[in-house]
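Please look through the sequence and the 3D structure below before reading on.

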2 protein chains.
Amino acid sequence: MTTSLADRPCVACRKGTPKLDPDAIAALLPQVPGWQLLHEPDRVEREWKFPDFAEAFALVDRIAELAEAADHHPDIGFGWGYVRVSLHTHAAGGLHENDFILAARIG
Amino acid sequence: MTTSLADRPCVACRKGTPKLDPDAIAALLPQVPGWQLLHEPDRVEREWKFPDFAEAFALVDRIAELAEAADHHPDIGFGWGYVRVSLHTHAAGGLHENDFILAARIG
């Protein structure tokens, strides 16, 4: 029985942690539907639309809590009616499994 | 006796609300030290640096509350160690006094 991505623990990353190669990324990406792969650096991003500011901020607040719990922190842009989240691992210079774990938890 | 910018009420904006002209902007900008004027569209922005994610999010949380209270909503970008805020008035296609009022309240 495999553990779902969202249930895996984030591991501590240090400078020089290897980034995921394209095959590993291709295997993980289908497990985080809605997230889009972008490059330079490799990262995954997702955008949500909302009818007002309060609902957008409610998602931001939830993501901030998940980020602190995982000790892994996305870049977040938001305002009236939208939230954009970008995940990559600075220490690896690209994507790490932690990014997919946090993406899965965010949903 | 003049009312300080932060204590003025934000007024409701409708599509077609006139944007501030360069002279009006030049008069208000010194009242919001730390905020930078940018163009296309006219907007004011400020960035803060922090030693971690929690302190950055604490500022975001405070700004979200001020934005809801003023019913005027900035675009906010943040992550580990930083917050960037951009204010402009969509309905005016540029800057409105509301932007300077909210900038003054944010600090």
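Two residues are in contact when heavy atoms of theirs lie within 4.5 Å. The model shown here is predicted. What covers its buried residues?

Now turn to the aromatic rings. Over all chains there are 8 aromatic pairs. In one of them, Phe53(B) and Phe78(B), the ring centres are 5.8 Å apart and the planes are at 40 degrees, so the pair is tilted. Phe53(B) belongs to helix α2 (residues 53-70) of chain B and Phe78(B) to strand β3 (residues 75-79) of chain B, so this pair ties together parts that are 25 residues apart in sequence. Phe53(B) counts as buried because its relative accessibility is 1%, under the 20% limit. Phe78(B) is buried as well, at 0%.

Phe78(B) also pairs with Phe57(B): the centres of these rings are 5.8 Å apart and the planes are at 35 degrees, so this pair too is tilted. Here again distant parts of the chain are linked, since Phe57(B) is in helix α2 of chain B and Phe78(B) in strand β3 of chain B, 21 residues apart. Phe57(B) is buried.

These rings are part of one aromatic cluster, formed by Phe53(A), Phe57(A), Phe78(A), Phe53(B), Phe57(B) and Phe78(B). Which residues does Phe78(B) contact, leaving aside its neighbours within four places in sequence? They include Val60(A), Pro74(A), Asp75(A), Ile76(A) and Phe78(A) in chain A, and Phe53(B), Phe57(B), Val60(B) and Val83(B) in chain B. The largest nonpolar core has 58 residues, and of these Phe78(A) and Phe78(B) touch the most other members.

The last step is the relation between the chains. A rotation of 180 degrees, with 0.0 Å of shift along its axis, superposes chain A on chain B with an RMSD of 0.0 Å. The two copies are therefore related as by a two-fold rotation axis. Both copies use the same surface: 100% of the contact residues of chain A recur in chain B. Of the residues of chain A, Gly77(A) comes closest to the rotation axis, with its C-alpha at 2.1 Å.

Note on methods:
Residues are numbered from 1 along each chain as its sequence is written. Chains are lettered from A and ligands numbered from 1 in the order in which they are written. This is a predicted model: local features need pLDDT of at least 70, side-chain atom pairs count only at pLDDT 80 or more; totals for chains, interfaces and linings use all residues. Side-chain values use heavy atoms; hydrogens and water are left out. Rings of Phe, Tyr and Trp (its six-membered ring) pair if their centres lie within 6.5 Å; planes under 30 degrees apart count as stacked, over 60 as edge-to-face and the rest as tilted. Helices (H or I, at least four residues) and strands (E, at least two) are DSSP runs, numbered from the N terminus. Buried means under 20% relative accessible area, exposed over 50%, partly exposed in between (1.4 Å probe, protein chains only). Copies are superposed by least squares on the C-alpha atoms of residues with pLDDT of at least 70 in both. A nonpolar core is a set of buried Ala, Val, Leu, Ile, Met, Phe, Trp, Tyr and Cys residues joined through side-chain atoms within 4.5 Å.
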